[in-house]
Amino acid sequence: MASTTANLVICGAGMAGVAAAYHLAVRQGIKNLVLVDERPPLTLTSDKGTQAYRNWWPGPGDTMVRFMNRSIDLLEELASECNNSFRLNRRGYVFLTADEGQIPHMRRTAEEICALGAGPLRIHPGPEEYNPSPPEGFEGLPAGADLLLDRALIRQQFPFITDAVIAMLHVRRCGWFNAPRLGAWLLEQAQRSGVRLLRDRVVGVETAGGRVQTVRLQSGARIDTGAFVIAAGPYLRQVGALLELDIPVFNELHGKMAFEDDLGVVPPSAPLMIWNDPLYLPWSEEERRALAARAETRRLLEQFPAGVHFRPRDDGGKPTLLIIWTYDTHIQEPVWPPQFDPHYAEVLLRGLGSMIPGLAAYFGQGARGYVDGGYYCKTRENRPLIGPLPVEGAYVIGALSGYGVMASQAAAELLAAHVTGASLPDYAPAFLIERYKDPAYQALLDRWDALSGQL
Ligand SMILES: Cc1cc2nc3c(=O)[nH]c(=O)nc-3n(C[C@H](O)[C@H](O)[C@H](O)COP(=O)(O)OP(=O)(O)OC[C@H]3O[C@@H](n4cnc5c(N)ncnc54)[C@H](O)[C@@H]3O)c2cc1C
């Protein structure tokens with residue numbers, strides 16, 4: 001049986017584990033670090049999302065805005081360092097509504113989040129001109145948000161959007177990047193700094209005197225170490241249980257569809273766009289009758305919630321739309337491959353068709369889309385867990401929900417500060433597992449929503 005030693009072992013080479021390895025080995029100079037994953041790196045959840053980022057987060061307080069602003073600072077720093085090999089852009093997120101009644105809410109939310117530190121709010125028409133975002137690049141662009149209340153101006157920017165639109169909120173310190181490429185770059189830098197990547201499964205963690213002592217792998221190998229970091233994504237609970245810890249997280253299934261826009265309905269330069277209104281799916285009279293006739297399809301005639309969204313992706317010259325809409329949330333243990341509503345693809349197309357009428361040309365062709373996804377590992381208030389665990393030498397970086405690639409850099413930097421004893425940013429206590437012991441925090445949780453900040 002192989003036995004080795006390490007200063008630190010990380011369980012999981014998704015975005016969280018790889019970023020942790022980078023920050024610990026490259027930025028903090030920790031030697032003899034082992035990264036263990038039973039799968040190829042970045043292939044479970046971290047390559048399944050839309051890979052988008054935003055500094056647009058609700059309260060309570062400014063914790064999430066500050067945390068994400070820091071993560072985006074680091075993403076920009078890394079992009080500059082590697083000649084933007086992971087194609088970070090800053091096209092923004094665009095929220096749209098056709099409902100007059102939504103405007104006061106849209107404005108109030110924008111004022112609140114801008115005041116939390118997302119940047120200034122500009123209202124159009126107003127004293128300043130609206131500046132659209134360029135499709136590529138991230139430097140020298142405004143932060144905050146632009147609220148456009150002029151339908152003609154909105155349609156001038158985005159003529160493919162329904163003419164029913166009446167308001168648009170363009171949030172600016174947002175965009176997307178190629179997460180697998182960023183992850184591969186971080187891993188390469190970490191390996192150059194001596195990190196060893198092992199393809200194996202962590203099956204046990206032995207402790208002595210209440211401290212981490214040995215990590216046991218499925219192959220039979222044993223790694224003697226004083227520090228163990230859990231970065232196990234949707235398996236956070238299971239790996240926590242190896243230390244007899246009950247980590248308070250659950251998993252929620254989320255899917256997305258990649259759909260080739262071969263008619264070029266949406267320009268490839270579009271930002272990430274979100275329809276802010278609940279809607280009824282557009283069906284023909286004949287389809288409506290057929291759906292109404294069967295109990296299992298009747299719900300497709302009911303109202304669907306707000307939030308269908310997409311962003312374009314260039315698939316080697318083939319214009320593709322990545323479409324997401326979580327109209328049902330399912331809490332479950334991970335099952336592979338994940339199973340989605342059989343109508344999911346068609347529902348996404350029709351839902352997005354309310355925002356982009358030109359997509360009607362594809363109605364009935366949902367089966368052409370490629371549906372995949374994964375699990376958001378979440379705490380009940382949708383904030384992450386980063387820092388030491390109640391077993392000495394054990395740490396966690398997880399519960400990164402639907403924001404794990406955007407948060408990866410600030411999360412990993414924070415984890416590294418906990419491990420090395422460096423000074424901590426002021427948002428650090430908000431992400432400790434200890435927070436649940438605080439009665440005041442518990443009281444706050446009763447009024448907190450697990451969908452907080454989720455699109
Ligand atoms: C549909 C969808 C859309 C999303 N969109 C976005 C987005 O736009 N922006 C964003 O920031 N985030 C998004 N996310 C969320 C983001 O993808 C996740 O938060 C992030 O990938 C989590 O990273 P992770 O490293 O914690 O987990 P994972 O990527 O799941 O990695 C965990 C790793 O741990 C390994 N592991 C587990 N147990 C063991 C063990 N016992 N031994 C060895 N290895 C083990 C697994 O094999 C896996 O490789 C989206 C997610 C989905 C599903």
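Me: Which residue in β17 stands opposite Ile274?

Reply: Heads-up that this is a predicted model, where local features need pLDDT of at least 70, side-chain atom pairs count only at pLDDT 80 or more, and totals for chains, interfaces and linings use all residues. Residues are numbered from 1 along each chain as its sequence is written. Strand β16 (residues 272-275) and strand β17 (residues 309-315) run antiparallel and are joined by 2 bridges, with strands being DSSP runs of E of at least two residues and helices runs of H or I of at least four, both numbered from the N terminus. In that pairing, the residue opposite Ile274 is His309.

Me: And which residue of β16 does Leu96 stand opposite?

Reply: Here you want strand β5 (residues 93-97), which runs parallel to β16 with 4 bridges between them. Two strands are said to pair if DSSP finds at least two bridges between them. The β16 residue opposite Leu96 is Trp275.

Me: Are the residues of β16 buried or exposed?

Reply: In a regular strand the side chains alternate between the two faces of the sheet. In β16, Leu272 and Ile274 point one way, while Met273 and Trp275 point the other way. The cut-offs are 20 or more other C-beta atoms within 10 Å of a residue's own for buried, 12 or fewer for exposed, and anything in between for partly exposed, with C-beta atoms placed from the backbone. By that count, all of these β16 residues are buried.

Me: How many of the 13 residues of helix α1 are buried?

Reply: Among the buried ones are Met15, Tyr22, His23 and Leu24. The cover over them includes β2 (8-11), β3 (33-37), α5 (179-192) and α9 (404-420). Helix α1 (residues 15-27) is largely enclosed by the rest of the structure, because the buried count is 11.

Me: What are the edge strands of the open sheet of 6 strands?

Reply: The order is β10-β3-β2-β14-β22-β21, and the pairing is mixed. Each edge strand has a single partner, so one side of each is left without a neighbour in the sheet. Those edges are β10 (196-199) and β21 (385-388).

Me: What angle does the direction of α9 make with that of β22?

Reply: Within this sheet, β14 and β22 pair in the parallel sense over 3 bridges, and Val229 has Tyr395 in β22 as its bridge partner. Helix α9 packs on the sheet and touches β2, β14, β21 and β22. Axes are lines fitted to C-alpha atoms (for helices over the stretch in contact), with angles running from 0 to 180 degrees between N-to-C directions. On that scale, α9 and β22 make about 170°.

Me: How far apart do the C-alpha centres of domain 1 and domain 2 lie?

Reply: The bounds come from an automatic or database domain assignment, which gives domain 1 (3-51 + 179-248 + 379-445) and domain 2 (93-175 + 251-378). Taking contact as C-beta atoms, placed from the backbone, within 7 Å, 14 residues of domain 1 are in contact with 14 residues of domain 2. The centres lie apart by 32 Å.

Me: Where does the ligand lie relative to the two domains, and how many residues surround it?

Reply: The closest are Gly12, Gly14, Gly49, Gly233 and Gly404. Because domain 1 and domain 2 both give residues to the shell, the ligand lies between them. The number of residues surrounding the ligand is 41.

Conventions
Contact = placed C-beta atoms within 7 Å. Near = placed C-beta within 6 Å.
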